[in-house]
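Me: Could you walk me through this fold in plain words? I'd like to go one bit at a time.

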Amino acid sequence: MTLYAIFDPKPGKPALPAVVPETFSWLAAILPPVFLVVHGLWLELVAWLLKVAALVVLSRFIGDGAAFLLYVVAAIWLGFAAAGLRRHALQWRGWTFRGPRIAPSADLAQLEALQ
């Protein structure tokens with residue numbers, strides 16, 4: 001069972017409720033740019049690219065191994081923060097938070113939200 005955050009679309013917009021699982025995101029940890037693009041987190045993508053560019057420049061001073069470890073730490077952090085970033089983006093786009101749901105899958109949580 002997983003906890004899901006349910007968001008309703010803007011009034012008048014024909015869309016299903018959005019379901020955000022409150023779990024660690026492996027996609028965000030392994031492929032951060034892909035995760036950010038898929039979910040339309042453009043400002044976070046720019047921040048991620050600037051962070052990687054800073055690590056490339058910083059690697060000359062702290063070494064390649066330390067820069068790689070900092071990248072891994074940042075990727076793991078993004079995996080844990082992914083749900084919060086998605087919730088914030090949905091609220092910023094005008095979606096309203098309906099409440100949490102506990103369900104075995106995202107589809108069942110969305111189905112419960114429709115009832």
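**Strands, helices and one serine**

Reply: Strand S1 (residues 2–8) and S2 pair in the antiparallel sense over four bridges. Pairing takes at least two bridges found by DSSP between two strands. Helices (H or I, at least four residues) and strands (E, at least two) are DSSP runs, numbered from the N terminus. This is a predicted model, where local features need pLDDT of at least 70, side-chain atom pairs count only at pLDDT 80 or more, and totals for chains, interfaces and linings use all residues. Residues are numbered from 1 along each chain as its sequence is written, and side-chain values use heavy atoms, leaving out hydrogens and water.

Me: Which residue in S2 does Ile6 stand opposite?

Reply: Look across to S2 from Ile6. The residue standing opposite is Val19.

Me: Which strands stand at the edges of the sheet, and why is one side of each left without a neighbour?

Reply: The sheet is open, has three strands with antiparallel pairing, and runs in the order S2-S1-S3. Each edge strand has a single partner strand, so one of its sides has no neighbour in the sheet. The edge strands are S2 (18–21) and S3 (96–103).

Me: At about what angle does helix H4 run to S2?

Reply: Helix H4 (residues 64–92) lies across S1, S2 and S3. Angles run from 0 to 180 degrees between N-to-C directions, with axes fitted as lines to C-alpha atoms, for helices over the stretch in contact (heavy atoms within 4.5 Å). For H4 and S2, that gives about 155 degrees.

Me: Is Ser59 buried or exposed?

Reply: Ser59 sits in helix H3 (residues 42–62). Buried means under 20% relative accessible area, exposed over 50%, and partly exposed in between (1.4 Å probe, protein chains only). Ser59 has 15%, so the word for Ser59 is buried.
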